[in-house]
Amino acid sequence: MNMPQKRTTIVVIGRPNVGKSTLFNRLLGKRRALVHDKPGVTRDRLEEKGDWWVRGHRFPVLLVDTGGLGGDSFIEEISDQVNTALSEADVALVLFDAQSGLIPHDRDVVRQLNESGLPRKVAVIGVVNKVDAEVHENLISDFFSLGLDPVLTVSAEHGRGMDDLKHAIAEASGFLAELSEERAQQEPREESSEGISEQDSPDGEGPEPETPIVPRVAILGRPNVGKSTLVNALLGRERMITSPIAGTTTDSVDSEVTMGGKPYLLIDTAGIRRKSKTEKGVEVLSVVQTKKALERSHVAILLLDGEEGVSDQDEKIGGMIEESGRSVILAINKWDTQRKNQEFTPKIAASLVRQKMGYLNYAPILFVSAKERRGFDDFGDLINEILHQRKLKIPTHEFTEWVRKESTVHNPMNAKFFLCHQTGRNPPTFVCHVNDPEKVHFSLKRHFINALRERWGYMGTPIRLLFIEGKNRKSLPGSGVKRAAKARKKKPTR
Ligand code: GDP
Ligand code: GDP
């Protein structure tokens, strides 16, 4: 296929120690050979080619790390970086450090950037690094005052937010626009596992995969709920020995299945019983195994027992899924035993599950019988739709305006909202600037999340909505990136 093949040159700019080389290595899927702990250690300028996968297409990039070029002073160094970006970059990443906060040197960097006229010629993306966990999202409010748009949060060290960053680069460079132009001229075609890459896992270590990877689906649930039976049913053959006697399944192996015509990798956690003889031991192991499976997966299917109802352990596993930020489907298994039960309709069962596991209220519920191999014909389509909705990125303008409008519908404590934007997609994370976060009544937050789902879906996926104190800004950030992307399209191809 005749896809755009020119290499997009990305230059990383930032004061010493914000994590430029860590990000550089992470974006190339490399070990951190050149990272140092001492600020200002001189190293050679680095330039390396890489191939990313965005929307199922190869996105060829050239990464340039100019950090520590050896200028005699900070000002010289930054000026070197900016000049490199001016002469070579299609996209400039300006890196900051969330943990040190915004310091005067960062403002100097941005000042030099603006004085050079770079943002008018090259697409610029603000990247706040060292946001290692969600709790750090509240450290970033200052960085919005710099006038950069977009501003993304990442953790170069842990791989957090890498997919969003690549996507933003693809967007800013015009690569996505070219893709859709190409596509418009071609026959519509199916895309496989669109937009999923290794780095979707927060701790996605290791090199960038050669091809878009197959979505990974974790089959979770407490012992005896029917995980092995379900995996066998999905595989259409016996892979593991299942038996009513606890302790008969062996260690788990990932298996490839085709559902709804598309490939998936099943990660199952059956087979942990063998390793422990005691009840307590089984539970501990089950927690560890569940955690490991979640880390490696994109979507979880949590099996519940239609015969026995929701137990404490189910609630615990459900809580772990919510915490992990993975998308989830609830499957009530052994439904064959209830089919004739007039008292226990799917509606009653679903409302019981919702009652006990309200925190997973966004998860679709399916009724299945692993034993009779019924009820999971739609797994494939459902997973596909969930992953599709999960990828959504809401533009800052649209989201801010939407928040303001919704806050007139319900807002008991009269909170005032300023800039609001999506900082990540794994899971979808939104940060809203508000005059006083204490004024965001819990019912208002709930209203936002419900309305957000009504408007944008995000079926099966947790949404993080954070409120931080911010000031009013006269205007919303303009579409600087798009302007720059347009400008660069006119530049000669490298
Ligand atoms: P550079 O001078 O901008 O190239 O920064 P380096 O990549 O050398 O990183 C400076 C320090 O920050 C090193 O000690 C890194 O381990 C650390 N670092 C980089 N990225 C992260 C991150 O995402 N989280 C945390 N906590 N530390 C990071
Ligand atoms: P695991 O520990 O979660 O892997 O559970 P297994 O797959 O080993 O199943 C435990 C027991 O539940 C076995 O006796 C299965 O035959 C039974 N079982 C699994 N799925 C179903 C189902 O859909 N209906 C019924 N009635 N029994 C089931």
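1. Helices α2 and α3 cross in a right-handed sense (the near helix is turned clockwise from the far one by less than a right angle). The model is predicted: local features need pLDDT of at least 70, side-chain atom pairs count only at pLDDT 80 or more, and totals for chains, interfaces and linings use all residues. Residues are numbered from 1 along each chain as its sequence is written, and side-chain values use heavy atoms, without hydrogens and water.

2. On α2 the contact (heavy atoms within 4.5 Å) involves F74, I75, I78, S79, V82 and L86, and on α3 it involves H105, D108, V109, Q112, L113 and S116. By class, 7 residues are nonpolar, 4 polar and 1 charged.

3. Helix α12 (residues 396–409) packs on helix α13 (residues 442–456) at about 125°, with the axes 11 Å apart. That angle makes α12 oblique to α13. The crossing of α12 and α13 is right-handed. Residues E398, F399, W402, V403, E406, S407 and V409 of α12 meet H447, F448, A451, L452, R455 and W456 of α13. The α12–α13 contact has 8 nonpolar, 2 polar and 3 charged residues.

4. The protein chain has 14 helices and 15 strands (DSSP runs of H or I, at least four residues, and of E, at least two). Of its 494 residues, 54% count as buried (under 20% relative accessible area, 1.4 Å probe).

5. Among contacts between residues at least 6 apart in sequence, 73% join residues at least 24 apart.

Conventions:
Chains are lettered from A and ligands numbered from 1 in the order in which they are written. Axes are lines fitted to C-alpha atoms, for helices over the stretch in contact, and angles run from 0 to 180 degrees between N-to-C directions. Angles under 35 degrees count as roughly parallel, over 145 as roughly antiparallel, 65 to 115 as roughly perpendicular and the rest as oblique. Ala, Val, Leu, Ile, Met, Phe, Trp, Tyr, Cys and Pro count as nonpolar, Asp, Glu, Lys and Arg as charged, and the others, Gly among them, as polar. Buried means under 20% relative accessible area, exposed over 50%, partly exposed in between (1.4 Å probe, protein chains only).
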